[in-house]
Amino acid sequence: MEWRDEGIILGTRRHGETSAILELMTRAHGRHMGLVRGGRSRRMQPLLQAGNRVDVIWRARIDEHLGMMQVEPVTFAAARLIEQPVALYGLQLAASHLRLLPERDPHENLFETLAIILEHCEDALIAGELLLRFEVMMLEELGFGLDLKRCASTGSEHDLTYVSPKSGRAVSRDAGAPWADKLLFMPPFMVSSSVRATSLGEIIAAFRLTSFFFSRHVWEPRAQKPPEARDGFLNAVTRSLPKSVTSLSESGSRR
């Protein structure tokens, strides 16, 4: 068995005295593990750092085996990411989410989104928005997708302001007004990819929304806790933004 692909390194762990087990998110083969002989050498250690993008060849006698990986650099990003808490926690959070998926299941859209996140981590507000969209995609891939395109009550595609905690469907401002205290607030940027997040309040409200559905459908059924990197990421975003952006809007602080 053999294939060649492009991957983003999620992590490594020691194996024996000289080798390492590499964990990658690949474009066509999903999250994949493999043994890298000599992975702990001085030559290989700088390459096998989380966040680096590599060209990988995987070989095994049969498909079920761990297999051997041979990697060559495409982009060295680890050093840049380590210097930026938003990027470092963002990568850790994305990796935690990807580990919820079965190993070796292809998810090219998640690979592409992760690559975009790592390219735009210098801007904390953009990084927060991209990670939020990544979480929405993860819920979809796990089978618990949200319907944010039209109002569950009226079918309208305009002024969508809330999400029903029961159905995961959007609700318009007028239709949801009588039950606003029981609905989850949805910032405008979640409705359309052409709308940008404008404040920390919107980012926090959006992560509160996805957290509700991750807890209900993923973390609690699996007896798991939210990833520690999630709080670390939001704290890093908060510290990185100017005061004019970090002030919580009234809408962003609502449930």
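Mentor: Leaving aside neighbours within four places in sequence, Glu-135 is in contact with Leu-93, His-97, Phe-207, Thr-210, Phe-214 and Arg-230. Glu-135 is found in helix α4. Keep in mind that this is a predicted model.

Trainee: Why is Glu-135 called buried?

Mentor: Buried means under 20% relative accessible area. Glu-135 has a relative accessible area of 0%, so it is buried.

Trainee: And what makes α2 and α4 roughly parallel?

Mentor: The two helices pack at an angle of about 0 degrees, with their axes 11 Å apart. Angles under 35 degrees count as roughly parallel, so α2 and α4 are roughly parallel to each other. On the α2 side, the contact is made by Val-86, Gly-90, Leu-93, Ala-94, His-97 and Leu-98. From α4 come Ala-124, Ala-127, Leu-131, Phe-134, Glu-135 and Met-138.

Trainee: Where does Gln-84 lie, and what does it touch?

Mentor: Gln-84 is in the loop between α1 (78-82) and α2 (85-98). Leaving out neighbours within four places in sequence, Gln-84 is in contact with Cys-121 and Glu-122.

Trainee: Why does Gln-84 count as buried?

Mentor: Set its value against the cut-off: Gln-84 has 17% relative accessibility, and buried means under 20%. So Gln-84 counts as buried.

Trainee: What about Cys-121 and Cys-151: buried or exposed?

Mentor: Cys-121 is at 3% relative accessibility, so it counts as buried. Cys-151 is buried too, with a relative accessible area of 1%.

Trainee: How many disulfides are there?

Mentor: A search of the whole structure finds 0. To count, a pair of cysteine sulfur atoms has to be within 2.5 Å.

Trainee: How do you know that α6 is short of a straight helix?

Mentor: Helix α6 (residues 200-219) has 20 residues, and a straight helix would reach 28 Å at 1.5 Å a residue. The end C-alpha atoms of α6 are only 25 Å apart.

Trainee: Why is α6 called largely enclosed?

Mentor: Because 15 of its 20 residues are buried, α6 is largely enclosed by the rest of the structure.

Definitions and conventions:
Residues are numbered from 1 along each chain as its sequence is written. This is a predicted model: local features need pLDDT of at least 70, side-chain atom pairs count only at pLDDT 80 or more; totals for chains, interfaces and linings use all residues. Side-chain values use heavy atoms; hydrogens and water are left out. Helices (H or I, at least four residues) and strands (E, at least two) are DSSP runs, numbered from the N terminus. The expected span of a helix is 1.5 Å times one less than its number of residues. Buried means under 20% relative accessible area, exposed over 50%, partly exposed in between (1.4 Å probe, protein chains only). Contact means heavy atoms within 4.5 Å. Axes are lines fitted to C-alpha atoms, for helices over the stretch in contact, and angles run from 0 to 180 degrees between N-to-C directions. Angles under 35 degrees count as roughly parallel, over 145 as roughly antiparallel, 65 to 115 as roughly perpendicular and the rest as oblique.
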